[in-house]
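Hello,

Here is the structure I promised to pass on to you. Please open it next to this email, and my notes follow below.

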Amino acid sequence: MKSDEKGEKNEPDSFTLSIVLKACAGLRLLKQGKILHGFLRTNEKIGLDLFVGSALIEFYSKCGQMDDAFNVFKEFEKPDVVLWTSMVSGYEQNGCFEKAVLFFSRMVVKEGVDPDRVTLVSLVSACSKLMNLKLGRSVHSFVIRRGFENELSLANALLNLYAKTGFMKVAENLFRMIEGKDVVSWSSMIGCYCHNGAAVEALHLFNEMINKGCQPNAVTVVSALQACAVACNLDEGQRIHELATRRGFDLEVSASTALIDMYMKCLSPDEAVKVFRKMTRKDVVSWVALLSGYAQNGMAYKSIGIFRDMLSSGIQPDAVSMVKILASSSELGIIRQAVCLHGYVTRSGFDSNTFIGASLIELYSKCGSLNYATKVFEGIRDKDVVLWSAMIAAYGIHGEGGASLKLFERMIKSSTAKPNNVTFLSVLSACSHAGLLSEGIEIFHMMINDYGLEPGSEHYGIVVDLLGRTGELDKAMDIINRMPMPVEPHVWGALLAACRIHHNVEMGELALKNLLSLGSNHAGYYILLSNMYAVDGKWGNVAKIRTLIKEKGLKKILGQSMVEIRNEVHSFVADDKLHKECERIYEVLGQLEMIMRLQLENMYGRIEL
């Protein structure tokens, strides 16, 4: 410390030291902050100042040193609400959510300190991260009793809690009660709608926000674009894109990534690529949005090229991104590519991640290698429910219903992992593909009675498919009539497919009627009923169905084949004219047809093909 002209030391006061500590916290200067803490220890008066103590706790919290923060806290005999709040907030910000709740409980119950608004905001945030709705609602009641319900920051935190825990109606009621809503309030509610499947409501609220003069921020725009992606609303997405460009949000990585995802899910990959190319800074999420978007649009063969470009640009995937990359590659079904990706996973140290392990199992099974999938499964020591479910599904994909059931039985008897809804979905699907009717029904009842799980629409759809495949159409209809939730299109679709197999025109007409009432525009459903009419010679009905398909502009999704030649993937559909070697391919096909015709004539005499 410097001395003045009189030789007296000019020592900083508590206010100055607190400002310097805040600067160290903001810049994450741990070494410098510790030196300052050392100086404070030499000055007992300043060192025990509550204001300085709070700044020290905040400094250590922001530097991720919660043990040091707690040691500072313990030095104060009678910590005030600010010190307690600093500790609760510190634990919450560092991901120690349970400790944040316990510290709050100790503060209020044991020490009798009244929390302030800031303490409660941190507590509610911790409840959101823990997905602890019960505790969150208790805090909400506490907030009301203390008269803090009109505090905007607290109301926004509670709104986020209900949004994260899926209590959309409660969040909606709370939102309408908030006076003087800010952009955080609007964004939280729009995000709540979007993440709970209410995309239309999210877009309505976004437009209401704009009409009421509240300007959106980047977070709001991202949520609105996610809603457009879910609703496949390209027009609204383009309008939001224009707004984002005017406000400069399209320069932010999060908004640009949401735009790529929206365009890909709205089947406009060219627009997504334009957005991607304009980005000055790309992160791993942006690359993966483009990569997985190609797979969603039937162009998975482009995904691996994007992955190579991503690695060349110096971007390394994290575990979440790697799962999406493996999922995209599984659409190709190329075993050599699967082996290369597996090697990359091992070299990158991801092979112990259960989600990546499950993705590898799915990848190998879709490449036709059940043997490799089994090796991945058996090679992971600590198998969780995700891995068990993936391996059960792999056997089902290959028609090995018996093997799926044996593995399911092994899981129940020898594993600590308990089957969940996804596990039962995998087992039921395997039974359906293998025609194991009695076993499938038994599994369905086990799910409900033994494990107390509530079947979803997908489970009912598979049971209908299972009964339909084995000709039990009346029982399948009975299952549909007893479903406790609205019947979705895929359930009626399963019944319609069964009616086609067993030629039940009357029930097939009923299934299509329900599909039409649900607004389903899947061309395959119409074609199924048309084929049933054709078998009966009802050509008038066939013509009506075909006319309806044309009027609605429906097109059947074409089957796609892919082949890898010299590390390049080539994609084909029926009557393809787009490949650059199109003429040569058809020339070779013509030559092969002639060779086959001649061979058949030599074997059986002249025949008409």
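At what angle do helix α19 (residues 303-312) and helix α21 (residues 335-347) pack, and how far apart are their axes? The angle is about 30° and the axes lie 13 Å apart. Before more detail, a word on the source: this is a predicted model, where local features need pLDDT of at least 70 and side-chain atom pairs count only at pLDDT 80 or more, while totals for chains, interfaces and linings use all residues. Residues are numbered from 1 along each chain as its sequence is written, and side-chain values use heavy atoms, with hydrogens and water left out.

Back to the first pair. Their angle makes α19 roughly parallel to α21 (angles under 35 degrees count as roughly parallel, over 145 as roughly antiparallel, 65 to 115 as roughly perpendicular and the rest as oblique). Axes here are lines fitted to C-alpha atoms, for helices over the stretch in contact, and angles run from 0 to 180 degrees between N-to-C directions. Helices are DSSP runs of H or I with at least four residues, numbered from the N terminus. On the α19 side, I304, F307 and L311 meet Q337, L341 and Y344 of α21 (contact means heavy atoms within 4.5 Å). Those contact residues divide into five nonpolar, one polar and no charged (Ala, Val, Leu, Ile, Met, Phe, Trp, Tyr, Cys and Pro count as nonpolar, Asp, Glu, Lys and Arg as charged, and the others, Gly among them, as polar).

A second pair is α7 (residues 97-110) with α8 (residues 117-130), packed at about 140° with axes 9 Å apart. That makes α7 oblique to α8. Residues F97, E98, A100, V101, F104 and M107 of α7 meet T119, L120, L123, A126, K129 and L130 of α8. This contact has nine nonpolar, one polar and two charged residues.

V101, in helix α7, is worth a click. V101 is buried, with a relative accessible area of 18% (buried means under 20% relative accessible area, exposed over 50%, partly exposed in between, with a 1.4 Å probe and protein chains only). Not counting residues up to four places away in sequence, V101 touches L123, A126, L130 and L135.

Just after α10, G166 takes a positive phi of about 80°.

Best wishes

Notes. Helices (H or I, at least four residues) and strands (E, at least two) are DSSP runs, numbered from the N terminus.
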